[in-house]
Amino acid sequence: MRQYWQILKKYRWSLLASPLLIAIAVFCETMMPMYMSRIVDDGVMPRDLSVITATGLQMLLFAVIQLATSVANAYISARTSTRFGTDLRARLFDRIESFAFPDIDKFSSESLLTRLTGDVTRMQQTVFMSMRIMLRAPMLFLMALVFILMIDSKLALVLAAAIPLMVIIVWVILRKGLPYFLKVQRRIDRLNGVVRENLLNIRLVKSFVREDFESQKFKRTSRDLQETSIRAANIVVSLAPLMGFILNVSVVAVLWFGGGRVMEGTLSVGQLISFLNYLMQTLMAVMMFSMVVMNFARASASSERILEVLTTDPSLVDTPQALANDYSVTRGEVEFRGVDFRYGGGENDVLSEISFKVRQGETIAVVGATGSGKTSLIGLIPRLYDVTAGEVMIDGRDVRDYRLGELRLSIGVVLQKNELFSGTILENLRWGNPKATLEEVEDAARTAQAHDFVMSFEKGYDTVLGRGGVNVSGGQKQRLCIARALLRKPRILILDDSTSAVDSTTELKIRLGLRRVLAGTTVFIITQRIHTMQSADRVLVLEDGRIDGFDVPAELLKTSKVYKEIYDSQQFKG
Amino acid sequence: MANRNQHLSQSGKPKHGRRTLVRLFSYLDRRDRRLTVIAAIFLVVSIGTGTAGSYMIRPIINNHVIPGDWNGLIGILAVLLGIYLLDCVADLFQYRLFNGIGLRTVARLREELFRRMDRLPVTYFDTRQAGDLMSRYTNDMDRISDALTDSLSNMVSGVLTLIGITVMMFIISPLLTLVSLVMIPVMTFTAGWIVRRSRKYFTAQQASLGDLDGYTEEMISGAKVVKVFNHEEATGKIFDVKNRLLNDKSEQAQFYSGLMMPTMQSLNTLNYVLVTIVGGVLAIFKGLDVGGLAAFLQYSRQFGRPINDMATLYNSIQAAIAGAERIFDVIDEVPEPADLPDAVELDAGTQGEIVLNNVVFGYVKGHVVIDGISFRAAPDHKIALVGTTGAGKTTILSLLPRFYDIWSGEMVIDGQPVCNVRRDSLRRSMAIVLQDTHLFTDTVRENIRFGRLDATDAEVEAAACLTAAHSFIKRLPRGYDTLLENDGANLSAGQRQLLNIARAAVADPPILLLDEATSNIDTRSEVLIQKGLDKLMEGRTSLIIAHRLSTVMHADTILVLENGRIIERGNHGQLLAQNGKYAAMYQEQFE
């Protein structure tokens, strides 16, 4: 709640004005039946026209005030809730931007995304609705109740019976309905799952001629959803008629008791009619409120998800040592000293007892089977993750003593999962260095073997890429990502399986190009290709999170069984 | 974010409103049509009882309360109670019936959509975003479901209620009714004005929101890249600009949409005031009875709601029709062309001989991808396709099961031109293993059985054994009954691929198509999978695309492709001797 208040306090005047305006509007509204009863009792019955006109004019005045205050509140609440949504979204985005890799892993980007879109919108709507209905309903209820008690407190007992009944009905329906709603949601997810799988696997479905089979499967899922939805809906739709019925029965009860009192002479006809009007108002308020409550229940889930993000502090920040000194990476020597690493929440160490030292300008191939810890290992160098034990040193200094910004600036990383963003190719490449001249960009692209295909596009570097770079092939994307990293002019370059979609001829060219421009830069390459491994200065072989060997390739062939196996599997046997 | 952008196109007006609506109703089956009639009767009953109930206050006050007729009062109240009970029951039935009808109809529509969708040619999916198609199952269906269960019946009931109330008001006092009717144009005009404004700003808001969401999606899914390049601040700035832009649009949109309810309420109050004053005057001078005035006041309270609702209902019905049009667009897409009437069936005895003769094909008109390819794959032979990305390897593999139809030339299987073969049987005669492995949410066993539905458990396991998948499956927590979710996220890439290969094995077809089946897998797992594949390829005609020449070299024939043409062909030794492109590639990889 504190999180929300930090945003909302900016709008405290609006938050104060809104209830006031509502109170005025509700007051005007509840005055109406009272005036009406005066017109009936003092005007119509005794046939006195002056009472009617005088009372009528007052009513008109109140009606206009009601309109004015309602519009004003609509304006204020729209503005406040929208700005609240905007601020909340901005805060959330800021927070996510400050997250480190472990935090992003923890939430997963899909879930972060729904929080930023759907959940924020729902919270915004809730604030909007609260400012309009949430306060209105209780106020309407209270004021109408005051008038009811003023008219006839005994007759008000009808309400004492009706309201608890209404509350019970809402409660029962919610209790019975809720499990069904959850079930419906699960069925919807399953149905969407079947559709998604079919869209993804359409070639498979077609090649195995499974169209009918899949249609049958979909039909079953669809029927399941239909049955559950109907059951859920049948529970919910009972709400309105039952509430309506209680309201109507209360009217009958009021007419019964009230009619008697009119006959006794303790109640006037006008009062009876206005009593009926107030009765409607109070019960309407109860209904309105129950709807708001239902909405609140849904919003609370969204709120929880948002707060979870807002209250998570980024797990990697600049250490005090880093802030105190402003070290920069000058040479690019890398050393691991007894490093253990496990992912947050993981049960096992992904890396254990890793120690090695790399000189400036060396090219190191990191090899090993899937899951042997290659990606985890190189992630420790630019401090994407922090070690669990031991230390990672650059230029003889612990990486935690550098500012994160400095590490990211001097270490070029091409992640396994590359991303390009919508925008021109030039803009994308300039992510590497916003100040790069066109010439520098072209040079980097040439080295990454990207220049030629970029120029083959009609608009060259001004070609607009779609979201996620959809209009270039996988291999082209990888080459652009390498060019982008090269523009950093990094001291250390890390390539995580970044040429897997590039054919071997092109890959060779890239490798030679890198050698040329990156003299003095330390390079780490994760690769599956034996040729890349063989051409590295040294190869680091990982097996189940431990170093199996670290040596020049020729030596390794003799000493490392794992490396030999990899080597042999890619050699001709025939 | 394709979904989000769809909102925009959906908020547009439907093109053929009435025709689409009629077509939508054609999805009601006979029973549901009959039920609709019954539901409509309940609807009319509920409106009738509701209107009558409000009227009863007139005789109650005039004939019983004012004259002091206690017994009569009890009698008439009993009648009133009965009316309300009937009202409640009719409403319950009406709601339930419309719900059932709506949801069943949507289910039918949804199933038809799916059935049609799965029969569309692969080209259709190539050119569409998955999210766009998904949104037809989610957003569009929701809108239609809302319309069928709620909006349409509420619209009808709103109109009927208005008519009923007007008639009753007219019965009580024609003059007072005229006064009340003055308010209708005011209300309708105001409602219309608000709706027009709010729609205008809403469209602007949605565009802004789509833009922001699109940006957010990109930056969040690329969050790690943003970090690596220190781009947080730059990204944050752009986000702020977009967020602010949305805020401006949104404030207006929210204001106008929030304006509707209070304005209509106030206008309704105004109407109430007018009726009270004029009613009071009429009671004095024209002899309007007090009970009549009371009943009239009740009606005037109920008057505003239907008008208020109708604007919203109209919008939601329009949105539903627009959604239905988008769904019918898919349903009306041309499916894969039917087989020729005299098409033959490839039966179990298929040898698997493949002959391509001067085949030309391209995905887009005027852009040839396969430029006159000819080769013959004898039964049980292994043909490897090599070449750079974009040379046309995958395209050739896609042509064989007729995912696409060739432009010219001939494709012959077992002496039959493929256009003369029934497509189903053609596809059954081959199994494909793709680079991107996809699994279904189901057990391991059922995922393998997908290859041949009538395979017994023993056959499934035999296929798994053959392809070296058995040992890892056995080690899964529930063996063959382990449930795979999220495209087999709980398995490694290699394990997923092994399942794909087992699936092809259980299908046991004469022809095998392997497209980079091992390239996403690390070298050591590849050895294992390669063994599985080698077993599988025994006794079948196989077409293989592979990155690594080590996979390729054992093929009976190697075809080297470049720009959609075959530039070299022969076995490994012959090609090396030719000292051409293949030899060069070999040198590169194995020097």
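## Close-up views of a predicted model

**View 1. The largest nonpolar core has 327 residues.** Those with the most contacts inside this core are V366(A), A483(A), I494(A), I501(B) and A502(B). Helix α10 (residues 232-285) of chain B gives the largest share, 18 residues. A nonpolar core is a set of buried Ala, Val, Leu, Ile, Met, Phe, Trp, Tyr and Cys residues joined through C-beta atoms within 7 Å. Buried means 20 or more other C-beta atoms within 10 Å of a residue's own; exposed means 12 or fewer, partly exposed is in between, and C-beta atoms are placed from the backbone. Helices (H or I, at least four residues) and strands (E, at least two) are DSSP runs, numbered from the N terminus. This is a predicted model: local features need pLDDT of at least 70 and side-chain atom pairs pLDDT 80 or more, while totals for chains, interfaces and linings use all residues. Residues are numbered from 1 along each chain as its sequence is written, with chains lettered from A and ligands numbered from 1 in the order written.

**View 2. A502(B) and its contacts.** Neighbours within four places in sequence are left aside. A502(B) is then in contact with I448(B), A463(B), A464(B), T467(B) and A469(B). Contact requires C-beta atoms, placed from the backbone, within 7 Å.

**View 3. An open sheet of six strands in chain B.** The order is β6-β9-β10-β3-β11-β12, and the pairing is mixed. Strands β6 (430-433) and β12 (565-570) of chain B are the edges, each pairing on one side only. From one strand to the next, the twist averages 20 degrees. Strand β3 (residues 382-387) of chain B runs parallel to strand β10 (residues 541-545) of chain B, joined by four bridges. A384(B) has I544(B) as its bridge partner in β10(B). Two strands pair if DSSP finds at least two bridges between them. Helix α17 (residues 493-507) of chain B lies across β6 and β9 (511-515) of chain B. The helix runs at about 180 degrees to β6(B). Axes are lines fitted to C-alpha atoms, for helices over the stretch in contact; angles run from 0 to 180 degrees between N-to-C directions.

**View 4. Strand β6 (residues 411-414) of chain A is covered on both faces.** I411(A) and V413(A) are buried on one side. G412(A) and V414(A) are buried on the other. In a regular strand the side chains alternate between the two faces of the sheet. β6(A) pairs in the parallel sense with strand β9 (residues 492-496) of chain A, over four bridges. V414(A) stands opposite L495(A) in β9(A).

**View 5. Q478(A) in helix α18 (residues 474-486) of chain A.** Q478(A) counts as buried, because 26 C-beta neighbours lie inside 10 Å. Leaving aside neighbours within four places in sequence, Q478(A) is in contact with N418(A), S498(A), T499(A), A501(A) and V502(A). G373(A) is 105 residues from Q478(A) in sequence and 22 Å from Q478(A) in space, C-alpha to C-alpha.

**View 6. S328(A) in the loop between α12 (320-324) and β1 of chain A.** S328(A) is partly exposed, because 13 other C-beta atoms lie within 10 Å. Not counting residues up to four places away in sequence, S328(A) touches E406(A) and S410(A). S328(A) and E29(A) are 299 residues apart in sequence and 70 Å apart in space, C-alpha to C-alpha.

Note on methods: Contact = placed C-beta atoms within 7 Å.
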